[in-house]
Amino acid sequence: MNYRHHLTVGLAVLALSCSSDTAPEKLAAAGDDGSGHTAPTEQTLRANAAVLKTLPFDDRTDFDLAKRGFIGARKDPKILDAKGNVVWNLDDYRFETGDAPASVNPSLWRQAKLNSIHGLFKVAPRIYQVRGYDLANMTLVEGDTGWIVIDVMTTEETARAAMDLVREHLGTKPVKAVIYTHSHIDHFGGIRGVLPDADAAAGVPIIAPDGFLEEAVSENVLAGTAMARRASYMFGFLLERNARAHVDSGLGKGTAPGTYGLVAPTELVTGVERVMNLDGLEVVFQNTPGAEAPAELMAYFPTLRAMCGAENVSHVLHNVLTLRGAKVRDALRWSAYLEDAIARASDVDVLFASHHWPTWGHDEIIAYLKKQRDIYKYIHDQTLRFANRGYTPREIAELITLPDSLSKTFAVRGYYGTVSHNSKAVYQHYFGWFEGNPAGLNPLPPEEEAVRYVDAMGGAAAVLEKGLAAYGDGDYRWAATMLNHLVFADPTHTGARQALADVYDQLGYQAESGPWRDFYLTGAGELRGNALPASRDAITPIDIVQSMPTHLFFDALAVRLNGEEAADEDTVLNFVFTDIDETHVLEIENGVLHHARSDARSDADVTVTLTRGDWNKLIANTVTLQELIFDGRIDVDGSTLSLIGFFAMLDEQDPAFSIVVP
Ligand SMILES: [Zn+2]
């Protein structure tokens, strides 16, 4: 039995890991580009050309703003980890020049070019940003004696590279404070690149919003494996970087697969507002929980007339529900926080954020904040307006039409979230999955339904013919529905897989949202059986494991218990952690794994004694259970068979489960 695998909890999404799958036979496509992605069709050409007429592409202001204050850029295009793996590569995106190729929505292409602008920038007196070397930004504010660093990017490697660039151009100054704006890993994972060791971190206040640590380590734990798999679609981990594959994530270029860390905050911002003095600068923090992230804050620097909007504002329509999966966010609260920010911005001359370039000028900032505020409120209010007239999510997504004042503003275009899926998220927030129509109460599962659809439509050959005809007409959404039924009815049907992949190519090429494009093109690649990159081990960062409260591990184990196998079990296990003086009792009853922190039970089947430190290593995959037993670092008292039986009832999670086939 593989204990190592059995003990791994679902933290994979925190590591944003890639995983490999056994590829079925590779399908060749007509006019493919080597990865199989087909040429854009006439219809895609026309659709993308039409986009050029709908938006003010002549307005180049954002390009000027994204370059404003440029100081210098990295000379080496690659950022490597200690083993020489590439964490970031500027050369990946060198192809993004000139007009949009026919296989990319011109609006997304424009955003991709903006996100490719990279370097160290002077934002305002005493405020600097490093942009374009990670999905996220690092902002540095000059205090009286050193730097206040706002957000430390995703990885140690990219953060270190950012600090190197700062030192190269602005000299060496100590880090006097760190602010994590929110609980997403692209804003705290790189802390070891900023504070490399205990000496550097000693005495440096780390400020974070209330609830930061719990949210940072727990948001993705229970559903982590599935979220990681879905994230691989959303961010195009498996796609090449070219005009027929990944071009941008909308929010930034893409994710950085490096080394993640976490140093716990020393100061939490609780309540609505807190004023602090950091290295001689007054900072007014505004807590904004439950909007873009469960724990998030914005910050206002009165003496610098500057505001940090964290990730509540950006140059995209953000996600009310991210496609990798997460708990749905509250669009109304989000909008209300931005209303509050507008009130605070009366003395602000510059607004910077966790992603993208800043906004300068008081009037421009107010106008920008109002549009950010209103895009979420408009989607929220109109979704409920239609819902209260009986419309359901797929109908509402078609019905919502933005006013020109919003739809023609690049900063709220759907490069990351979309009006379509955000309106469905608002519906979900209020109503959940059930649309109220009894036909949808208990339909057949996808495979059974697909077999009957195909039969009702005249059999596989007829469905393929209709699917290809819809493809020929450029009716890609309908073609996808029909061909998806055919693939689910018979995943070995290579013609159906090929045709569906071709349809997904075109849907991807037309998408304005980076994640939509990546979803379609990743699906196309997997249907074609493209060889996936070699698996990167899903090592859960030890920093993050150490920060996890013990109960969270047992929550994560509980969601792996095979309820059927455990149905008749009645097992009690004591886990005694000697170094932290905590005992946790686990009991299986009614097919459910319960756990509680309490005294050891004398009737337990087995008592396992070890340190929390060794437990962390076990979870982080840096030691195996066998090694701990061999070294005498774990003591098993009682029935070893019960212990083995317990682990045998835990399901292995599947990091490469199928999505586009049953
Ligand atoms: Zn972010």
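## A buried helix

A residue counts as buried if 20 or more other C-beta atoms lie within 10 Å of its own. By that cut-off, this predicted model has buried residues along helix 9: Gly 224, Thr 225, Met 227, Ala 228, Arg 229, Arg 230, Ala 231, Ser 232, Tyr 233 and Met 234.

What do the buried residues of helix 9 pack against? Their partner is helix 19, residues 514-527. After helix 9 comes Gly 236, with a positive phi near 65°.

## Confidence

The average pLDDT of the chain is 92. A score of at least 70 is reached by 94% of the residues. Two stretches need care. Over residues 1-25 the pLDDT is below 50, yet the model gives this stretch 83 contacts beyond near neighbours in sequence. Residues 534-538 also have a pLDDT below 50, with 11 contacts beyond near neighbours in sequence. Where pLDDT is low, predicted coordinates should not be read in detail.

## Two domains

The chain is divided into domain 1, residues 68-430, and domain 2, residues 543-648. Their C-alpha centres lie 38 Å apart. The two domains do touch: nine residues of domain 1 are in contact with eight residues of domain 2. What kinds of residue make up the side of domain 1 that touches domain 2? Seven are nonpolar, two are polar and none is charged.

Strand 15 covers residues 350-352. Strand 15 and strand 16 are antiparallel, joined over two bridges. Val 350 has Trp 360 in strand 16 as its bridge partner.

Strand 17 (residues 571-577) and strand 18 (residues 582-589) pair in the antiparallel sense over seven bridges.

Ile 588 stands opposite Leu 593 in strand 19. Strand 18 and strand 19 form a hairpin too, with two residues between them. Asn 590 in this turn has a positive phi of about 55°.

## A loop with positive phi values

Most residues other than glycine have a negative phi. Asp 151 has a positive phi of about 70° although it is not a glycine. Asp 151 is in the loop between strand 7 (147-150) and helix 5 (156-170). Met 153 is also placed between strand 7 and helix 5. The phi of Met 153 is positive as well, near 65°.

Are these residues buried or exposed? Asp 151 counts as buried because it has 29 C-beta neighbours inside 10 Å. Met 153 has 33 such neighbours inside 10 Å, so Met 153 counts as buried too.

Technical notes: Residues numbered from 1 in each chain as written. Predicted model: local features only at pLDDT ≥ 70, side-chain atom pairs only at ≥ 80, totals over all residues. Domains from an automatic or database assignment. Contact = placed C-beta atoms within 7 Å. Nonpolar A, V, L, I, M, F, W, Y, C, P; charged D, E, K, R; others polar. Buried ≥ 20, exposed ≤ 12 C-beta atoms within 10 Å, placed from the backbone. Helix = DSSP H or I, 4+ residues; strand = E, 2+ residues; numbered from the N terminus. Pairing = 2+ DSSP bridges. pLDDT = per-residue confidence, 0-100.
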